[in-house]
Amino acid sequence: MESRTKRHLTTDQLDAMLRDATGIGCQVETELTDGWYNAAYRVVLDDGRAAVVKVAPPADVPVLRYERGIMATEAAIYRLAGAYGGIPGPEVLLEGPDFLVTSLLPGVPWDKAAGELAPETESALRRELGRVTARLHTIDSPDGRFGYPAPESGLSAPDWRTAFSAMVEALLDEAAHWKSDLGTSPDEIRGLVDAGSDVLKEVTEPRLIHFDLWPGNIFVDPEQPRITGLIDHERAFWGDPVAELVSFAFGGDIGEDSDVVAGYRQAGGRLDFDRSFHHRLALYHLYLALILVIECGPRGYQGEHKEFTDSYLATWLAECRTFR
């Protein structure tokens with residue numbers, strides 16, 4: 001997907017960026033065009049290692065508030081998850097103010113392999129995804145706060161209700177700036193979040209939430225079958241494990257009897273499919289829907305994708321209204 005946030009560099013420019021910051025240069029093999037935010041390149045480093053380089057948007061390109069500082073978040077969480085164990089992912093090789101270099105994962109993105117996977121293979125992988133995510137969700141916030149880790153965003157708080165409300169409010173500010181059509185008033189959205197105050201208060205432990213685990217961010221080895229790595233932790237936050245099901249839904253069933261939930265529970269994760277669960281899940285879908293609609297402004301998305309985001313937001317506005 002092409003976005004105004006992508007910073008396209010020549011081989012010489014990318015080599016100079018890495019060499020100036022780390023003393024190690026690279027040779028570009030190809031640009032990886034599947035990402036939606038950062039530019040990314042598959043490279044070979046001077047020492048012969050195959051790697052992926054992600055390059056942050058230029059400083060003068062506008063981004064949403066929650067996106068401030070997210071490249072450093074991604075690097076920190078790769079290291080945290082790697083040290084924790086049981087959560088496959090790439091190794092951080094090099095890091096600079098404008099880039100992140102990671103090892104090349106084996107396998108392929110799940111969305112690229114999906115058409116060739118037998119139903120039983122899909123089922124096995126969904127169960128493994130549940131188990132890996134349950135492991136991810138045992139990681140505690142180091143300072144006990146909820147919300148986004150990057151201090152640049154200013155979107156954290158000591159309790160989940162306050163953090164989530166601030167996260168939504170930041171998006172409403174962005175919607176006003178970009179003149180985004182939300183299909184309703186900002187005050188109604190605030191009211192829908194306020195109606196969830198009691199269920200949001202039930203979340204008392206800040207857990208590491210990836211929040212972008214759609215199949216394109218999950219590498220798999222279809223032959224084993226197994227998950228070889230989770231990527232793009234940049235949008236992670238400390239929050240409610242229920243929120244993870246939002247991105248799971250883009251890869252398949254997330255119902256109580258689904259494979260992903262079975263795997264999650266098998267590994268010790270807890271999900272209670274009660275009214276509170278469904279109310280919170282609807283709010284998190286609404287949050288993602290706001291992101292998808294509003295980011296069309298700074299990124300320049302149009303056409304079918306814009307139509308999808310508008311429809312997605314309308315669906316979850318309607319669902320949240322049922323809980324008032």
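Two strands pair if DSSP finds at least two bridges between them. Helices (H or I, at least four residues) and strands (E, at least two) are DSSP runs, numbered from the N terminus.

## Basis of the model

This is a predicted model, in which local features need pLDDT of at least 70 and side-chain atom pairs count only at pLDDT 80 or more, while totals for chains, interfaces and linings use all residues. Residues are numbered from 1 along each chain as its sequence is written, and side-chain values use heavy atoms, with hydrogens and water left out.

An open sheet is formed by 5 strands in the order 1-2-3-5-4, with antiparallel pairing. Its edge strands, each pairing on one side only, are strand 1 (26-32) and strand 4 (92-96). On average, neighbouring strands of this sheet are turned by 25 degrees against each other, direction ignored. Axes here are lines fitted to C-alpha atoms, for helices over the stretch in contact, and angles run from 0 to 180 degrees between N-to-C directions.

Strand 4 and strand 5 (residues 99-103) run antiparallel and are joined by 4 bridges. Within this pair, Leu-94 stands opposite Val-101 in strand 5. Helix 1 (residues 11-22) packs on the sheet and touches strand 1, strand 2 (39-45), strand 3 (50-55), strand 4 and strand 5. The direction of helix 1 makes about 125 degrees with that of strand 1. Contact means heavy atoms within 4.5 Å.

A second open sheet has 3 strands in the order 6-10-11, and the pairing is antiparallel. Strand 6 (108-109) and strand 11 (226-230) are the edge strands, each pairing on one side only. Strand 6 pairs with strand 10 in the antiparallel sense over 2 bridges, and Val-108 has Val-220 in strand 10 as its bridge partner.

Buried means under 20% relative accessible area, exposed over 50%, and partly exposed in between (1.4 Å probe, protein chains only). Helix 4 lies across strand 10 and strand 11, running at about 45 degrees to strand 11.

## Helix 4 and helix 9

Two packed helices are described by the angle between their axes and the distance between the axes. For helix 4 (residues 119-136) and helix 9 (residues 259-266), the axes come within 6 Å and cross at roughly 40 degrees. The two helices are therefore oblique to each other. Angles under 35 degrees count as roughly parallel, over 145 as roughly antiparallel, 65 to 115 as roughly perpendicular and the rest as oblique.

The crossing of helix 4 and helix 9 is right-handed. A crossing is left-handed if the near helix is turned anticlockwise from the far one by less than a right angle, and right-handed if clockwise. Residues of helix 4 in this contact include Ser-123, Arg-126, Arg-127 and Leu-129, and those of helix 9 include Asp-259, Val-260, Ala-262 and Tyr-264. The contact residues divide into 5 nonpolar, 5 polar and 4 charged. Ala, Val, Leu, Ile, Met, Phe, Trp, Tyr, Cys and Pro count as nonpolar, Asp, Glu, Lys and Arg as charged, and the others, Gly among them, as polar.

## Helix 5 and helix 10

The axes of helix 5 (residues 160-178) and helix 10 (residues 275-294) come within 10 Å and cross at roughly 25 degrees. Helix 5 and helix 10 are therefore roughly parallel to each other, and their crossing is left-handed. Helix 5 contributes Trp-160, Phe-164, Met-167, Val-168, Leu-171, Glu-174 and Ala-175 to the contact, and helix 10 contributes Leu-283, Tyr-284, Tyr-287, Leu-290, Ile-291 and Ile-294. These residues divide into 12 nonpolar, no polar and 1 charged.

## Two buried loop residues

Leu-213 is in the loop between strand 9 (207-209) and strand 10. At 1% relative accessibility, Leu-213 counts as buried.

His-233 lies in the loop between strand 11 and strand 12 (237-239). His-233 is buried, with a relative accessible area of 2%. Leaving aside residues up to four places away in sequence, His-233 touches Thr-73, Glu-74, Ile-77, Tyr-78, Leu-136 and His-210.
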